[in-house]
Amino acid sequence: MQPRSVCELKKQVVIPKPKLLKPENDPLHIIKTRKITHGRPATIAGPMVRYSKLPFRQLCRQYDADIVYSPMILAREYVRNGNARLADFSTNDEDTPLIVQVGVNNVADLLKFVEMVAPYCDGVGINCGCPIKEQVREGIGCALIYNAELLCEMVSAVKSKYGDSLRLETKIRIHDDYEQTVSLCKSLCDAGVDWITIHGRTRTTRSSQPVNLEAIRYIVEKIQEKKVPVVANGDCFKRADVDAIAEFTKVDGVMAVRGLLANPALFSGYETCPWSCVEKFWYYTLEYGGLPYQLLQHHLYCMLENMNLERRLLKEMMSIKSTGELIDWFDTRFDFKRFGEAGWAEASAVPYRVDK
Ligand SMILES: Cc1cc2nc3c(=O)[nH]c(=O)nc-3n(C[C@H](O)[C@H](O)[C@H](O)COP(=O)(O)O)c2cc1C
């Protein structure tokens with residue numbers, strides 16, 4: 001029998017209805033109240049094509065990510081192709097608050113996409129930042145920041161259908177001329193967007209160049225009267241960066257991406273990835289399944305890379321070719337007693353090693 005994603009299985013037994021968001025699952029409520037209730041901006045694990053799959057999302061939540069994104073899913077494929085649906089999105093009841101990010105270039109595909117994913121997430125985010133040429137050529141990703149009319153039409157189509165039962169976000173890049181970004185943001189606010197994430201780079205800025213926080217600050221100030229929350233994205237690599245970015249730009253939330261890939265415990269204040277994080281990642285990966293081997297291996301590489309291990313060990317790990325062998329390798333190379341003795345199923349019931 002063909003494997004099915006959790007999402008598909010759920011569809012067999014329930015007829016999805018638009019749900020009413022509870023405050024604890026409502027990303028907008030979280031963004032608006034984090035400062036008041038926790039004295040800090042909302043912490044957000046941003047979208048990463050290939051990487052932000054269910055086990056990684058749950059890992060980030062364990063380490064204080066308030067809201068977590070799926071990778072960008074292309075609406076065109078998802079709404080037309082059952083195999084794409086199986087490959088692109090799986091979820092479960094613990095996978096909340098979740099924003100499913102979509103790459104889309106027309107209202108019809110977006111509405112169909114939202115209809116399919118709305119019962120399984122708390123919000124949808126439109127990708128308006130992807131600079132990859134093939135996507136931009138098709139009017140997806142970054143192309144949308146130059147097509148405000150279409151983008152706003154898409155936002156208002158979703159919001160007028162779903163109201164407050166589903167949140168809608170747009171993740172944009174900045175323009176060379178900040179006034180263009182200000183104008184786009186104002187139009188998005190008028191179209192009903194719930195919050196805007198601003199990645200402080202232009203279409204052509206590379207991620208090796210520093211993020212432009214001045215631009216974000218400028219835009220936030222200019223759209224203040226709209227009272228729509230803004231999240232800053234770019235170069236958040238440690239917990240202190242969250243506060244520094246929020247303080248400087250006056251945003252309501254901070255999104256990290258590459259920082260979390262290397263250290264999913266970043267928001268909890270760990271300077272480098274703690275060992276407990278590696279153990280938990282293993283746990284979620286085996287519990288939830290669905291990660292292709294190379295992705296599992298690369299996640300582990302990213303985490304271990306900055307953990308002061310001998311390079312020889314990393315090289316050895318990268319030469320391993322299957323999940324079974326990798327488990328054996330971890331068992332022999334590290335103190336993996338907890339899972340080794342208790343077994344994977346029971347391991348979740350015992351407290352994890354705390355490295356703090
Ligand atoms: C491996 C990888 C995959 C990414 N995939 C997406 C994506 O699916 N959607 C998106 O909006 N941005 C994507 N991005 C961009 C990030 O979300 C983010 O905007 C960028 O990395 C800047 O944030 P950072 O400095 O915290 O990494 C991706 C970035 C990386 C490194």
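**Helix packing, ligand shell and local backbone features**

Ala-246 is located in helix H11, which spans residues 239-249; helices (H or I, at least four residues) and strands (E, at least two) are taken as DSSP runs and numbered from the N terminus. The structure is a predicted model, in which local features need pLDDT of at least 70 and side-chain atom pairs count only at pLDDT 80 or more, whereas totals for chains, interfaces and linings use all residues. Residues are numbered from 1 along each chain as its sequence is written. Ala-246 counts as buried because 22 other C-beta atoms lie within 10 Å, where a residue is buried if 20 or more other C-beta atoms, placed from the backbone, lie within 10 Å of its own, exposed if 12 or fewer, and partly exposed in between. Not counting residues up to four places away in sequence, Ala-246 touches Pro-41, Val-251 and Val-254, contact being defined by C-beta atoms, placed from the backbone, that lie within 7 Å. The C-alpha atom of Ala-246 is separated by 9.5 Å from that of Ala-42, although the two residues are 204 residues apart along the chain.

The protein as a whole comprises 17 helices and eight strands, and 44% of its 356 residues count as buried. Among the contacts with a separation of 6 or more, 69% are accounted for by residues 24 or more positions apart.

The ligand is surrounded by 22 residues, the closest being Pro-47, Met-48, Met-72, Val-257 and Arg-258; a residue is assigned to this shell if its C-beta atom, placed from the backbone, lies within 6 Å of the molecule. The elements that give two or more residues to the shell are strand E2 (67-74) and helix H12 (258-262). By class, the shell has ten nonpolar, nine polar and three charged residues, with Ala, Val, Leu, Ile, Met, Phe, Trp, Tyr, Cys and Pro counted as nonpolar, Asp, Glu, Lys and Arg as charged, and the others, Gly among them, as polar.

Two helix pairs were examined, with axes as lines fitted to C-alpha atoms over the stretch in contact and angles running from 0 to 180 degrees between N-to-C directions. The axes of helix H9 (residues 178-191) and helix H10 (residues 213-222) come within 10 Å and cross at roughly 45 degrees, and the two helices are therefore oblique to each other; angles under 35 degrees count as roughly parallel, over 145 as roughly antiparallel, 65 to 115 as roughly perpendicular and the rest as oblique. Their contact is made by Tyr-178, Thr-181, Val-182 and Cys-185 of H9 together with Ala-215, Tyr-218, Ile-219 and Lys-222 of H10. Helix H14 (residues 293-305) and helix H15 (residues 311-318), by contrast, pack at an angle of about 175 degrees with their axes 10 Å apart, which makes H14 roughly antiparallel to H15. Here H14 contributes Gln-297, Leu-300, Tyr-301, Leu-304 and Glu-305, and H15 contributes Leu-314, Met-317 and Met-318, giving six nonpolar, one polar and one charged residues by class.

Several local backbone features occur in loops. Thr-96 and Pro-97 are joined by a cis peptide bond with omega of about -5 degrees, and Pro-97 lies in the loop between helix H5 (82-88) and strand E3 (98-103). Lys-227, which is not a glycine, has a positive phi of about 55 degrees; this residue lies in the loop between H10 and strand E7 (230-233) and is exposed, with 8 other C-beta atoms within 10 Å. Asp-235 likewise has a positive phi, near 60 degrees, and is placed in the loop between E7 and H11, where Asp-235 counts as partly exposed with 19 C-beta neighbours inside 10 Å.

Key. Two residues are in contact if their C-beta atoms, placed from the backbone, lie within 7 Å.
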